[in-house]
Amino acid sequence: MKIVDIKIEKLRIDLKEPFKIAFAVQDYADNVIVKIVTDEGYYGLGEAAPFAPVTGETVDGVVNTLKMFRSGLIGMDPLNIEGIHVLMDRLIVGNTAAKAAIDIALYDIKGKVMGQPLYKVLGGYDNKIQTDMTIGIDTPENMALKAKKSVIEDGFRILKVKAGINPSDDVKALQLIRQAVGNDIRLRVDANQGYCVNDAIAVLKEFEKVGVEAVEQCLPYWNLADSRRIRDNVNLKVMLDETIKSPMDAAKACKIDAADILNIKLMKSGGLYNALKINAIAEANDVRCMVGCMLETKIAITAGASLVAAKKNITEADCDSFMYCVDPDNGMKGGFERDKDIFTLLDKPGLGIEFDF
């Protein structure tokens, strides 16, 4: 089997309302979708969701990178996923969202050739996941109202609360959210690199009092050593996100016991190929994983959810971003069925998404 064409298309995704985190506000996303076509009639769908503060990419940069990949990949076997990653890494450093788009499409093809859904191709541990819902930064009062709606009206039992701009507002927001949703709802916090070490330790001790179970990426991505210091001084789980872009990053974090949980994102790792390596390294070091997302359509979300379902060590999912969109499906049927916070992966080959262009 050979790759005969790679089609590339930009896709603008409008959000229902602006979404604010510690270092950015977004009211739309510009993503890129790809279609890898083979000479045997199979095709695979992939997606790049570039986010410059994390992946260092722009949508136009992704398109240019994908055009470069296209010239190198035509004629290659789409099932030679390792060989294609080696080629992409030789052609250009980084550019992980662009690489993820190719990677996801290759795994979609692999599932279709095997006649198996992606979660079975990747490991097959389960076909269901439970995702959280993310509460963006706002006034503490508005955050509590949004949290209550997510629980009462939308049926979510795990909330991920954005923080990292104002520590005192963060503490107040978590106090009000706990009052609003009750004690049975699981809470975790994402500081998106917004704290210094001393502020992080002080704030996390306050979070402990309201039952926050984990806090994600307190410090700038490069400050791995002090993540261990925070972990030694608090009684909740410390998670790393922006710090973990590659298997090597995972190995470094595990070597110094810097985290209890690693957040894998396909756009950071360059797709499923390296995401599987990150999870394997974490599991070997008795560290659990979560799969998160950028602002993605159901193509990348299904790939991420399939990875969660496939692996026992990936115990958490933050695969909610498509629900922020004006059109959550973006014209893409399939992938999974959603019942409140539970996704059930479809038993259709590959991603199981009905979409073509």
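Colleague: Which element gives the most to the lining of the largest pocket?

Modeller: The model is a predicted one. In it, the largest pocket is lined by 20 residues. Strand S1 (3-21), strand S5 (133-135) and helix H6 (140-152) each supply at least two of the lining residues. The element that gives the most, with five residues, is S1.

Colleague: What volume does the largest pocket have, and which residues lie nearest its centre?

Modeller: By class, the lining of this pocket comprises nine nonpolar, three polar and eight charged residues. The volume of the largest pocket is about 530 Å³. Nearest its centre lie Glu 17, Met 133, Thr 134, Met 323 and Tyr 324.

Colleague: From which element does the largest share of the lining of the second largest pocket come?

Modeller: The second largest pocket has a volume of about 420 Å³. Its lining counts 32 residues, with Gln 26, Phe 51, Cys 293, Met 294 and Leu 295 nearest the centre. At least two lining residues each come from S1, strand S2 (24-38), helix H1 (52-55) and strand S6 (158-162). The largest share, five residues, is that of S2.

Colleague: How many residues apart in sequence are the parts that the pair of Phe 19 and Tyr 324 ties together?

Modeller: A search of the whole structure finds five aromatic pairs. Among them is the stacked pair of Phe 19 and Tyr 324, at 5.0 Å centre to centre and with 20 degrees between the planes. Because Phe 19 lies in strand S1 and Tyr 324 in the loop between strand S12 (314-317) and strand S13 (333-334), the pair ties together parts whose separation in sequence is 305 residues.

Colleague: Are Phe 19 and Tyr 324 buried or exposed?

Modeller: The cut-off for a buried residue is a relative accessible area under 20%. Phe 19 and Tyr 324 are both buried.

Colleague: Which residues do ring pairs link into a cluster?

Modeller: Phe 336 and Phe 343 form a stacked aromatic pair, 4.4 Å centre to centre with 10 degrees between the planes. Phe 336 has a relative accessible area of 6% and is therefore buried; Phe 343, at 0% relative accessibility, also counts as buried. The cluster linked by ring pairs consists of Phe 322, Phe 336 and Phe 343.

Colleague: Which residue lies over the face of Phe 336?

Modeller: Elsewhere, Lys 35 lies over the face of Tyr 43, at 4.6 Å from the ring centre. For Phe 336, the residue over the face, at 4.9 Å from the ring centre, is Lys 298.

Colleague: Which residue takes a positive phi in the hairpin of S14 and S15?

Modeller: Strand S14 (residues 336-339) and strand S15 (residues 342-345) pair in the antiparallel sense over four bridges. Within this pairing, Glu 337 stands opposite Thr 344 in S15. The hairpin has two residues between the strands, and the one with a positive phi near 60 degrees is Lys 340.

Colleague: Where is Asn 192 found?

Modeller: Most residues other than glycine have a negative phi. Asn 192, although not a glycine, has a positive phi of about 45 degrees, and at 4% relative accessibility Asn 192 counts as buried. Its location is the loop between strand S7 (186-190) and helix H8 (197-209).

Colleague: Is Asn 95 buried or exposed?

Modeller: Asn 95 is found in the loop between helix H3 (81-91) and helix H4 (96-114). Although not a glycine, Asn 95 has a positive phi of about 50 degrees. Its relative accessibility is 19%, so Asn 95 counts as buried.

Notes:
Residues numbered from 1 in each chain as written. Predicted model: local features only at pLDDT ≥ 70, side-chain atom pairs only at ≥ 80, totals over all residues. Heavy atoms only, no water. 1 Å grid on protein atoms, 1.4 Å probe; cavity = no way out; pocket = protein on both sides within 12 Å on 5 of 7 lines; lining within 4 Å. Points joined across faces, edges and corners; volume = space filled by probe spheres on them. Nonpolar A, V, L, I, M, F, W, Y, C, P; charged D, E, K, R; others polar. Pairing = 2+ DSSP bridges. Phe/Tyr/Trp six-rings, centres within 6.5 Å; stacked < 30°, edge-to-face > 60°. Buried < 20%, exposed > 50% of the residue type's maximum accessible area, 1.4 Å probe, protein only. Lys NZ or Arg CZ within 6 Å of the ring centre and 35° of its normal.
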